[in-house]
Amino acid sequence: MADTKIFLSESEMPQAWYNIQPDLPAPLMPPLNPATGEPLVPEDLLPLFPMSLIEQEMGMERWVDIPDEVLRIYKLWRPSPLHRAFALEEELGTPARIYYKNESVSPAGSHKPNTAVAQAYYNKQDGVTRIATETGAGQWGSALALACSLFDIECQVYMVRISYDQKPYRRLMMETWGAQCLPSPSNQTEAGRRILARDPDSPGSLGLAISEAVEDAASREDTKYSLGSVLNHVLMHQTITGLEIKKQLAIAGDKLDVLCGCVGGGSNFAGFCFPFVKDKLDGQDIRFVGAEPRACPKLTRAQYRYDFGDNAQLTPLLKMHTLGHSFIPPPIHAGGLRYHGDAPLLSLLVDQKLVEARAYYQNEVFEAAVTFARTEGHLPAPETAHAIKCGIDEALRCKETGKEECIVIGYSGHGHFDLASYDAYLRGQLEDVDLPQETIDEAMKDVPDITWPR
Ligand SMILES: Cc1ncc(COP(=O)(O)O)c(C=O)c1O
């Protein structure tokens, strides 16, 4: 019988991140300066990021060494286990072999510390003493709070109002690690005050919380900004997960057929699949399937074009799949998937048809989460449950076709602080939201009419 968990020793942990930029099948369109409409130069980003991270953002080196200090901290929970989901396979009656890469073992409970620790490290090297950020579900905020506490950096988190109300324990976690956490929209920034004036009960959105954090960082000498997803360097830091999966599948004597992950800004999914993209380009038959909520369907229903990363139009323009920067998604429970856009690198791979996408209602997602919890025991975050639903669907397809495929699910985080959403599901109180086309069309009216190259 094969092992239920495949471990790597600490000495087998990857020592470098993988930068996909030199291996892309098409050129990545540059971020544009909204003031000039011209490609950004590194100096444009200096008010927000340390130069070392800007260099990673634009870098073309295929491998970037992970600093020793970051490796030392990664070892608090890494390498993370790859589980074989024997009980789930049996429950589904599938001939597929299902694995899940368990990123919930980090102290903050998700994949987010993989980049939070790296970003805090480079900020510290640069002499930064305070970092501002946004958080959706609270996973990213808690990851950065953890990382900042390890590097003795002050941390200010703007947390999307709906999650702030639904998840008080995430806030307490951040505060325990020494961070300050405010609900967004807040009265602390222009961007927040503008929205509150229009809608005092606004549930907030990631796009808006980003505006608040960017404004905070740009207006203070001592503060830089940190983003938990979307940007190239963030996705690169996450590749440690996919690189580990590669080694672990080799130990299991298996070969990847399908990789399922959930997509918010795209960082966990990119981390799991980027190390395999070159194999696919070289002819290996691998599928990557990104799962998103029907309430925020940027990969399945949005346009691929330049837009702002935030509500208040403070960020550079990024070429990405976008529902419009003014789009405020319905308040579904997977708070970390409520972002209007997607990482430019992942958007490009979707556009090139190397990555597939699928959208789900929240009730079917929670049904999958409960099936998983009752077979595998682990209780996933609502975001992660999208990946599980996708993996289950793929396994059921294998049941129909009789194909013995190898399916890997990106288990991005646990749901121990999301029990209110399980409560709503178990009591039949979860709403399935269908997004009318007019809502998307309305938000798209605010997207600037900019193309590159002109
Ligand atoms: C557990 C979990 N998974 C996935 C996501 C989505 O983010 P990303 O697409 O950047 O991985 C989040 C975001 O907060 C999260 O908390």
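Here are a few friendly notes on a helix pair and a sheet in this predicted model.

1. First, the ground rules. Residues are numbered from 1 along each chain as its sequence is written. The model is predicted, with local features needing pLDDT of at least 70, side-chain atom pairs counting only at pLDDT 80 or more, and totals for chains, interfaces and linings using all residues.

2. Helix H4 (residues 113-125) and helix H5 (residues 139-151) have axes that come within 8 Å and cross at roughly 40°. Helices here are DSSP runs of H or I of at least four residues, and strands are E runs of at least two, numbered from the N terminus. Axes are lines fitted to C-alpha atoms, for helices over the stretch in contact, with angles from 0 to 180 degrees between N-to-C directions.

3. On the H4 side, the contact (C-beta atoms, placed from the backbone, within 7 Å) includes Pro113, Ala116 and Tyr121. Among the H5 residues taking part are Leu144, Cys148 and Phe151.

4. Turning to the sheet, seven strands form an open arrangement in the order S1-S4-S5-S15-S10-S11-S14, with mixed pairing. Two strands pair if DSSP finds at least two bridges between them. Strand S1 (5-6) and strand S14 (356-360) are at the edges with a single partner strand each, so one side of each has no neighbour in the sheet.

5. Strand S4 (residues 82-84) and strand S5 (residues 97-102) run antiparallel and are joined by three bridges. Arg84 sits opposite Tyr99 in S5.

6. Helix H11 (residues 267-281) packs on the sheet, where it touches S5, strand S10 (258-262), strand S11 (287-293) and strand S15 (406-411). The direction of H11 makes about 160° with that of S10.

Key:
Two residues are in contact if their C-beta atoms, placed from the backbone, lie within 7 Å.
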